[in-house]
Structure formats: C-alpha cells, structure tokens
Amino acid sequence: MPSATSSKLRIAIIGAGPGGLSSAIALSELPDVDVRVYEKAGELTELGGGISVNHNGLKVLELLGLRDAVRGASTNPMVQRNAYTGEIVDAGQPHDPSNVYEARRIRRLVLQRALAARVPANLVDFNKKLASLEDIGADGVRVVFEDGTETTVDLVVGADGIRSLVRKHMYPNYALSYARQVGWRTLIPIDRLKHVPDLPLTTTSWWYGKAMSFWLSPVNEPPNLSDLEFTARVFNEPPIPGRTVSWGINVSNGEVFSRFTDVDPRLVEAFKQVPEGSWREFASFEGPVVDSLSAWDKLALVGDASHPSAGGFGAGSSFAMEDSWILARTIEYTRSKLMSAEPAEIVAGALKTFNTVRRPFYQAMWQFRQSQAKFLKEVGRKEYDDFDGDLRRRFASDGLGAKRGKGFLSFVYDSDIGKAWSEFLESDKT
Ligand SMILES: Cc1cc2nc3c(=O)[nH]c(=O)nc-3n(C[C@H](O)[C@H](O)[C@H](O)COP(=O)(O)OP(=O)(O)OC[C@H]3O[C@@H](n4cnc5c(N)ncnc54)[C@H](O)[C@@H]3O)c2cc1C
C-alpha cells in the first residue's frame with residue numbers, strides 16, 4: 001500500500017474495471033507517483049459478452065498503447081431490421097477495412113485483459129473492498145477496507161462503477177433511478193447457428209420490435225468468427241421489487257424466450273440455440289451527472305461512478321478510459337506549472353482542470369438523455385397502428401437508435417480525447 005511517508009504522489013484507485021485499469025496505466029506512467037488499485041472481486045471476470053469500441057474508444061486506446069491489442073469484428077455495416085418480418089429498414093454504412101478507427105465489437109474480456117496486461121505487475125490488490133474514506137486534512141485521505149486494513153493517500157480515484165461508494169462519500173443523497181429497460185445477453189457458438197437460413201452471422205444487426213430490440217453481432221476478429229453475441233432488450237419494464245443487484249444475473253432460457261415468441265423465425269431459432277445457463281440479465285439504472293467530478297480536493301470520479309447512464313450509450317468503457325487519460329494529463333500539467341508545490345496543491349489544481357475538461361461532456365450527454373425521455377417512452381409503448389411504417393419513419397428522422405453511423409451523437413462517438421486536451425491547453429494559454 002502507498003506509504004503515508006512517501007515523498008511521491010500517493011494514489012489509490014478503487015475498482016479494476018475499464019476505468020480503474022486505464023487509470024492505473026495512465027497514472028503509473030507519470031514520474032514520482034505511487035499508485036495502487038483496490039478491487040473487491042477476487043479476479044477480473046467477464047460480465048456480459050460483447051462491448052462496442054467506437055472511434056473515440058480507439059483514439060484513447062491508441063493513447064494508452066492498446067489500439068491494436070483490442071481486436072474484434074467491425075460493426076459496419078450495422079443493418080437495422082423489423083424484428084417481426086426481418087425486413088431491412090436501414091442498410092447502414094459499408095465496412096471500411098482501411099479505417100483503423102472504425103467501430104469494433106469485441107469480447108469484454110479482451111478489453112479487460114489488454115488493459116490488465118499493460119498495468120505494471122502487482123499493482124492491483126484483489127479482494128480489497130473499500131469500506132470508507134475520511135478527509136484527514138493536510139495528510140490526505142484515509143482509505144479503509146472491509147478487511148480492516150487501511151492506507152493514506154493524496155488522491156483517491158473512484159473507479160468503482162455505477163454504485164460507487166466513493167461517489168456516496170461525495171454526494172450522500174445521490175440516487176439512481178431505474179431506467180425501465182432490461183437486457184439479456186449471451187454468446188452463442190456460431191456452429192450452432194449455421195443451419196438457420198439467412199441469419200446474419202458475420203455482420204451486426206439490430207432487430208426492432210414493439211417495446212423490444214435485439215442485437216446480433218460477431219465479437220471476434222475475422223476470420224475467427226466463433227461466437228455470435230445475442231442481446232434481447234425490453235423497454236417500459238416495471239421495476240422488480242427488492243432487486244438490489246442489476247448486472248449479470250443468471251436467467252433460464254425459458255424465462256427469456258417466453259417474452260419473444262412472436263418474432264421473426266430466425267430469431268426464434270437463435271433463441272433455441274442458446275446454451276442453457278448462459279443468459280445474463282442486466283437491468284439499466286441511471287442518474288444525473290454529478291455537480292463536480294471531484295471533492296475534498298482529493299477525490300476524483302472516473303467512468304460510471306460519475307455519470308450512471310443506463311448502459312453508457314454503448315460506450316461507457318471508452319468514457320471511463322478517456323477520463324483516466326485526462327486525469328493523468330491534468331496531474332502532469334499541474335505539476336509542470338506548480339513545479340515544487342506540495343502534493344495536495346498539485347492534486348487540487350489537477351482536479352479543477354479535470355472538471356473543466358470532462359464535466360461539460362457528461363453534462364451534454366445527460367441533457368441528450370433528458371431530451372430523449374419522451375421518445376424512449378414513445379418507442380417503448382406496446383401498441384402501434386402501423387409498426388413497420390413507424391420504424392421506417394424513425395430511421396428517417398432523429399431519435400435514439402436512428403441514424404447510427406451517420407453522424408448520430410457525433411460529439412460522443414467521434415470525439416478525440418487527445419485533440420480535446422490539446423484544445424484545452426491552447427485555451428489555457430490565453
Ligand atoms: C448491458 C450493458 C451493455 C453495455 N455495453 C457497452 C458497450 O457496448 N460499450 C461500452 O463501452 N460500454 C458498455 N457498457 C457500459 C460499460 O460496461 C461501463 O460503462 C463500464 O464497465 C464502466 O467502467 P467502470 O470502470 O467505470 O466501472 P465498472 O466496469 O463497473 O467497474 C467497477 C469496478 O469497481 C469494483 N468495485 C465496486 N465497488 C467497489 C468497492 N467498494 N471496493 C473495491 N472495488 C469495487 C467492481 O467490482 C468493478 O470491478 C454496457 C453496460 C451494460 C450494463
């Protein structure tokens with residue numbers, strides 16, 4: 001554990017998800033830092049199957065030295081279909097093999113392992129669950145774990161996910177709300193699906209129904225297309241009383257399939273081929289972006305801890321990595337300006353800049369979600385006079401799920417965190 005008498009900047013990262021691991025990479029590359037990661041789980045585990053990495057994610061992975069280590073399948077063309085008839089309502093953008101920043105679908109474990117492999121050896125302590133934090137003034141923050149051990153650091157990075165305990169210390173009254181969406185996710189060996197005529201196995205497809213959608217996508221780099229990711233989602237789902245865990249719950253094939261018996265026969269056959277015991281349930285929760293991504297001049301939030309957004313626009317891991325890279329830059333930059341300052345002053349200055357650069361981004365995302373609330377309620381209704389016509393109109397106009405790959409939510413998916421940082425440095429000169 002970082003020692004309280006160390007002359008280095010002492011940093012404790014809570015959580016070893018994409019946010020914690022990328023923070024460990026970016027922060028440990030700085031000179032004169034003593035970084036440790038504390039993860040409550042016993043090991044890194046795969047939760048959920050596939051994950052999308054868009055242009056913004058590939059840009060930050062490049063900065064972390066990992067762009068080529070995170071291999072998967074292109075999500076272009078991303079074909080949009082009617083879930084009852086299978087008819088194509090939007091053919092998507094063609095695949096461009098020359099574009100190294102083209103969005104990919106990868107196995108979540110591939111991302112986690114690539115990040116973990118780049119974290120210096122022995123930096124992560126597993127089975128270390130944060131219990132509490134205490135501001136001890138000029139000495140920093142006392143970090144206490146559930147096993148009774150503790151450490152003292154200058155900076156705590158809260159990378160502890162959507163139900164962040166670090167956030168709880170900053171905002172005791174912060175409340176998540178259930179987004180009325182539930183998804184079931186699995187991977188199906190492609191060999192089990194080859195007999196299904198015209199089921200797309202090598203390209204990504206969305207299939208939309210009433211108050212539901214399906215996502216089918218390869219997750220491995222071609223030609224090794226061994227698994228197809230299959231996600232079924234419902235909207236306007238009533239809350240489950242007493243449910244406190246929201247991600248990765250085991251559900252039986254029967255429980256999932258019973259909701260979707262009236263869809264295109266190709267989807268029905270795909271449901272039948274799911275290996276029993278492999279469905280995992282994910283209920284979506286969300287909350288407003290916090291007023292500040294830092295507190296006490298000693299705590300910072302990265303990733304889902306600061307902006308719980310019901311699945312993170314399918315890009316939450318990338319946001320977490322972007323936060324981490326920026327956090328490291330702000331420390332580097334503040335040190336270069338304050339040269340011989342005490343760690344506390346450097347951390348305070350860095351966190352101010354961290355907020356300046358990152359919070360407007362999350363504020364814009366939250367505003368976008370608010371603007372979509374009416375639309376989501378509308379698409380989540382069960383009755384339609386003309387479902388197919390409505391779906392086609394949806395893809396010809398704005399809305400969540402529409403215009404994917406055509407500049408939709410460009411400020412999110414097409415962003416370049418390196419450029420954003422250069423722009424900040426430019427503006428800070430003036
Ligand atoms: C259904 C679903 C689909 C998604 N699809 C995508 C996608 O396609 N692309 C994408 O980029 N993102 C996607 N996301 C979002 C993505 O999973 C998250 O945004 C991302 O995991 C956030 O990373 P994180 O490091 O902030 O938090 P997490 O991944 O949640 O990691 C937090 C870590 O902190 C640990 N922890 C928690 N509390 C403590 C404690 N008290 N002490 C110590 N350790 C603790 C946890 O065990 C965990 O390892 C999806 C999410 C869901 C639910």
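Just after α7, Met339 takes a positive phi of about 30°. Helices and strands here are DSSP runs (H or I, at least four residues, for helices; E, at least two, for strands), numbered from the N terminus. The model is predicted, and local features need pLDDT of at least 70, side-chain atom pairs count only at pLDDT 80 or more, while totals for chains, interfaces and linings use all residues. Residues are numbered from 1 along each chain as its sequence is written, and side-chain values use heavy atoms, with hydrogens and water left out.

Helix α7 has 23 residues, which at 1.5 Å a residue should span 33 Å, and its end C-alpha atoms are 33 Å apart, in agreement. The expected span is 1.5 Å times one less than the number of residues. Of the 23 residues of α7, 19 are buried, so the helix is largely enclosed by the rest of the structure. Buried means under 20% relative accessible area, exposed over 50%, and partly exposed in between (1.4 Å probe, protein chains only).

The shell around the ligand holds 30 residues, and the closest are Gly19, Glu39, Ser52, Arg108 and Asp304. Helix α7 (316–338) supplies at least two residues of the shell, as do α1 (18–28) and β3 (50–53). The most come from α7, with three residues. By type, the shell has 10 nonpolar, 11 polar and nine charged residues. Ala, Val, Leu, Ile, Met, Phe, Trp, Tyr, Cys and Pro count as nonpolar, Asp, Glu, Lys and Arg as charged, and the others, Gly among them, as polar.

| Residue | Part of the residue | Distance |
|---|---|---|
| Ser52 | backbone N or O atom | 2.8 Å |
| Arg105 | side-chain N or O atom | 3.0 Å |
| Gly316 | backbone N or O atom | 3.2 Å |

Taken alone, the ligand exposes 1000 Å², and the protein buries 88% of that.

The protein chain contains 11 helices and 20 strands. Buried residues make up 55% of its 430 residues.

Terms used:
A residue is near a molecule or strand if one of its heavy atoms lies within 4 Å of it. A polar contact is a pair of N or O atoms within 3.5 Å; within protein, one must be able to donate a hydrogen and the other to accept it, and residues adjacent in sequence count only if both atoms are side-chain atoms. Accessible areas come from the Shrake-Rupley method with a 1.4 Å probe; for residues, only the protein chains shown count as cover.
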